[in-house]
Amino acid sequence: MTSLVESAYIDAVEGVDDEDESKTRLLDAAYEQFCRVGIQRCTMEDVARQARVSRITVYRRFATKNALVEQVVRREFRRYFDQFLVDIGRADTVADRVVAGFASSLRALRHNPLIGGLMAAEPDLVAPSMISDGGQTLATVRRFLAGQLRREQRAGNVPRELDTDLAAELMVRISASFLAIPSQVVDLDDEAQLAAVARQFLVPMLQAPAPRTGTAS
């Protein structure tokens, strides 16, 4: 089964826009209610009241509350991928794009009223899709980042010998660890410190692997 994050990734890469005015109105209403009272306390009736439609109208578009939750969370991850592309697009060099991407990822997820709030207050609702999925979520984000690194390779900005999948894997896991486990060393709200960390430890990952110096006897 395709994860929420993978679906959002596919939508972002392919530029999918499958929301009509009615669906957008319901998703906006649900988002506002989820942020205000939390997902567990919010009911379909609350969403209908916020959207100023009947409860039947909500159920016609979303058969269950879980289906509505999935669509709202999926849209937020789509916005994350879209914003990531905007942020790295403003940078002039590949090193600057790595720095911008690292900061963008942490900022977008931690400061998102819904996703960041869920991570802090209702992790049991996010974990099944983000963590306990056999690594599918991390693999999706890694695939997204590896695709960006391969674009840099084609442009001649990254060595052809670089294993883009491995570099992306390491970058994603470092970012994920900061999101999942509070740091007592790195202040995630300090943009300058995040930039320094990325430039010192992530940018060097883009270097070509060192050649072997000898063979085993």
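This is a predicted model: local features need pLDDT of at least 70, side-chain atom pairs count only at pLDDT 80 or more; totals for chains, interfaces and linings use all residues.
Figure 1. The buried residues of helix 2 are Lys-23, Leu-26, Leu-27, Ala-29, Ala-30, Tyr-31, Gln-33 and Phe-34. An α-helix has 3.6 residues a turn, so residues three or four places apart point the same way. Helix 2 comprises 17 residues (residues 21-37), which at 1.5 Å a residue should span 24 Å, and the 24 Å between its end C-alpha atoms agrees with this expectation.

Figure 2. After helix 2 comes Gly-38, with a positive phi near 95°.

**Figure 3. Helix 3 and the residue that follows.** Met-44, Asp-46, Val-47, Ala-48 and Ala-51 are the buried residues of helix 3. These buried residues pack against helix 2, helix 4 and helix 5. Helix 3 is followed by Arg-52, which lies in the loop between helix 3 and helix 4. The phi of Arg-52 is positive, near 60°, although Arg-52 is not a glycine. Most residues other than glycine have a negative phi. Is Arg-52 buried or exposed? Arg-52 counts as exposed because its relative accessibility is 74%, and the cut-off for an exposed residue is over 50%.

**Figure 4. The packing of helix 5 against helix 6.** Two packed helices are described by the angle between their axes and the distance between the axes. For helix 5 and helix 6 (residues 94-110), the axes come within 9 Å and cross at roughly 150°. Helix 5 is therefore roughly antiparallel to helix 6, since angles over 145 degrees are counted in that class. The crossing of helix 5 past helix 6 is right-handed. On the side of helix 5, the residues in contact are Phe-77, Tyr-80, Gln-83, Phe-84, Asp-87 and Ile-88. They meet Arg-97, Ala-100, Gly-101, Ser-104, Ser-105, Arg-107, Ala-108 and Leu-109 in helix 6.

**Figure 5. The packing of helix 5 against helix 9.** The axes of helix 5 and helix 9 (residues 136-154) are 13 Å apart, and the two helices pack at an angle of about 25°. Helix 5 and helix 9 are therefore roughly parallel to each other, as angles under 35 degrees are classed in this way. Helix 5 passes helix 9 in a crossing that is right-handed. Helix 5 contributes Tyr-80, Phe-81, Phe-84, Leu-85 and Ile-88 to the contact, and helix 9 contributes Val-141, Phe-144, Leu-145 and Gln-148.

**Figure 6. Helix 9 along its length.** With 19 residues, helix 9 reaches 27 Å from its first C-alpha to its last, close to the 27 Å expected at 1.5 Å a residue. The buried residues of helix 9 are Thr-137, Thr-140, Val-141, Phe-144, Leu-145, Ala-146, Gln-148, Leu-149, Glu-152 and Gln-153. Just after helix 9, Gly-156 has a positive phi of about 80°.

**Figure 7. The packing of helix 6 against helix 11.** Helix 6 and helix 11 have axes 9 Å apart and pack at an angle of about 130°. That angle makes helix 6 oblique to helix 11. The contact is formed by Ala-95, Asp-96, Val-98, Val-99, Phe-102, Ala-103, Leu-106 and Arg-107 of helix 6 together with Glu-191, Leu-194, Ala-195, Val-197, Ala-198, Arg-199 and Leu-202 of helix 11. Helix 6 passes helix 11 in a right-handed crossing.

Figure 8. Ala-208 is located in the segment after helix 11 (191-202). Which residues does Ala-208 touch, not counting residues up to four places away in sequence? Ala-208 touches Pro-159 and Glu-161. Ala-208 and Glu-161 are 47 residues apart along the chain, and their C-alpha atoms are separated by 5.7 Å. Ala-208 counts as partly exposed because its relative accessibility is 39%.

**Figure 9. The protein as the setting of the close-up views.** The protein contains eleven helices and zero strands. Of its 217 residues, 41% are buried. Among contacts between residues at least 6 apart in sequence, 70% join residues at least 24 apart.

Technical notes. Residues are numbered from 1 along each chain as its sequence is written. Side-chain values use heavy atoms; hydrogens and water are left out. Helices (H or I, at least four residues) and strands (E, at least two) are DSSP runs, numbered from the N terminus. The expected span of a helix is 1.5 Å times one less than its number of residues. Buried means under 20% relative accessible area, exposed over 50%, partly exposed in between (1.4 Å probe, protein chains only). Axes are lines fitted to C-alpha atoms, for helices over the stretch in contact, and angles run from 0 to 180 degrees between N-to-C directions. Angles under 35 degrees count as roughly parallel, over 145 as roughly antiparallel, 65 to 115 as roughly perpendicular and the rest as oblique. A crossing is left-handed if the near helix is turned anticlockwise from the far one by less than a right angle, and right-handed if clockwise. Contact means heavy atoms within 4.5 Å.
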